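Hello,

Here is the structure I promised to hand over. Please open it first, then read the notes below.

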Amino acid sequence: METQEIDGNDTPISEQNSNNILLAAKTIKAAETLLITAGAGIGVDSGLPDFRGNQGFWKVHPNYLKEGLSFADLANPKWFDRDPHKAWGFYGYRYQLYRDTLPHRGFQLLKKWQDQRVTPGFVVTSNVDGHFQKAGFAAASVHECHGSIHYLQCAESCRNKIWTLDALTFDIDPVNLVARGKLPTCPNCGKVARPNILMFGDYYWLPDRADLQRQSLILWQQKIIDRNIVTIEMGAGSTIASIRNYSENMPGKLIRINPREAQGPKGTLSISLPALAALEAIDLALANF
Ligand SMILES: [Zn+2]
């Protein structure tokens, strides 16, 4: 595996990456349908911090470092019970960040390639930011396996209801990231609401919305079983390997784009670059065929 420093557009493209970029373009060109899978790393080029890596997370939020709180400590449903203003400081900040950030051009390239194939494709993402839909992907063809920050549920799951978090603005103390004032509440019991996101140690997450998306994904998989399918995976880490495992279990070729962990099972087309740089290079190669 390569250990070179990767830094945006100045990244030197190694020979192995160049070869695999060409092979990836050829593979995509021949594909009848494309599955796109993504983890947190895809959002880095949009300007989003990689929340899964504590280093990056603490750099953005030094106050949490002072409190000794990691991403996993904060992404825990207990805060909605213990200190809902702190819980909503964390999630309200992320909601506003995702809402105010535009998905990078790589999303448009992926959508263009998917639209050019004979059979519609699908997206599987562990990201909760809703950026695939924001970039124009049809909601019916996206599976958000960890839920979405744009949907709410009762923190106590008083009933199986999920509703949208429409145009809500949070007043968040910029120093300690604690939400001030009114918080979203459950329309049924009046207690605090929480994002419909699968958190760590989460027994209260309502999976109904994600389950419906998963059923659509299974139907799609049944339809494309005999097709030449190619999976393009971006920014999926090995710590929580659900996206990587899913990509590896798909039939057909796997293109794995990841600046640090591009390795995969035999036959994987590994590209050790950030998502946007890799997608732009593949697009250029496609245009030259
Ligand atoms: Zn309730």
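**Strand β4 and its partners**

Strand β4 is joined to strand β5 (residues 162-164) by three bridges, and the two run antiparallel. Strands pair here if DSSP finds at least two bridges between them. Helices (H or I, at least four residues) and strands (E, at least two) are DSSP runs, numbered from the N terminus. Gln 153 has Ile 162 in β5 as its bridge partner.

β4 also pairs with β8, antiparallel, over five bridges. There, Ser 148 stands opposite Asn 196 in β8.

How enclosed is β4 (residues 147-154)? Seven of its eight residues are buried, so the strand is largely enclosed by the rest of the structure. A residue is buried if 20 or more other C-beta atoms lie within 10 Å of its own, exposed if 12 or fewer, and partly exposed in between; C-beta atoms are placed from the backbone.

**How to read the model**

This is a predicted model: local features need pLDDT of at least 70, side-chain atom pairs count only at pLDDT 80 or more, and totals for chains, interfaces and linings use all residues. Residue numbers start from 1 along each chain as its sequence is written.

**Nonpolar cores**

A nonpolar core is a set of buried Ala, Val, Leu, Ile, Met, Phe, Trp, Tyr and Cys residues joined through C-beta atoms within 7 Å. The largest has 39 residues, and Ile 271 and Ala 278 touch the most other members. Helix α11 gives the largest share of this core, seven residues. Another core, of 22 residues, lies apart from it; Val 128, Ile 149, Ala 179 and Ala 193 are among them.

**Helix α7**

α7 has 12 residues. It reaches 17 Å from first C-alpha to last, close to the 16 Å expected at 1.5 Å a residue (1.5 Å times one less than the number of residues). Its buried residues are Gly 106, Phe 107, Leu 110, Lys 111, Trp 113 and Gln 114. Seen down the axis of α7, they fall within an arc of 165°, so they line one face of the helix. The arc is that of the directions from the helix axis to the C-beta atoms. The face turned away carries the exposed Lys 112, Asp 115 and Gln 116.

**Met 199**

Met 199 sits in the loop between β8 (193-197) and α9 (208-223). Met 199 is buried, with 22 other C-beta atoms within 10 Å. Its C-alpha is 8.2 Å from that of Ala 72, 127 residues apart along the chain.

Best wishes
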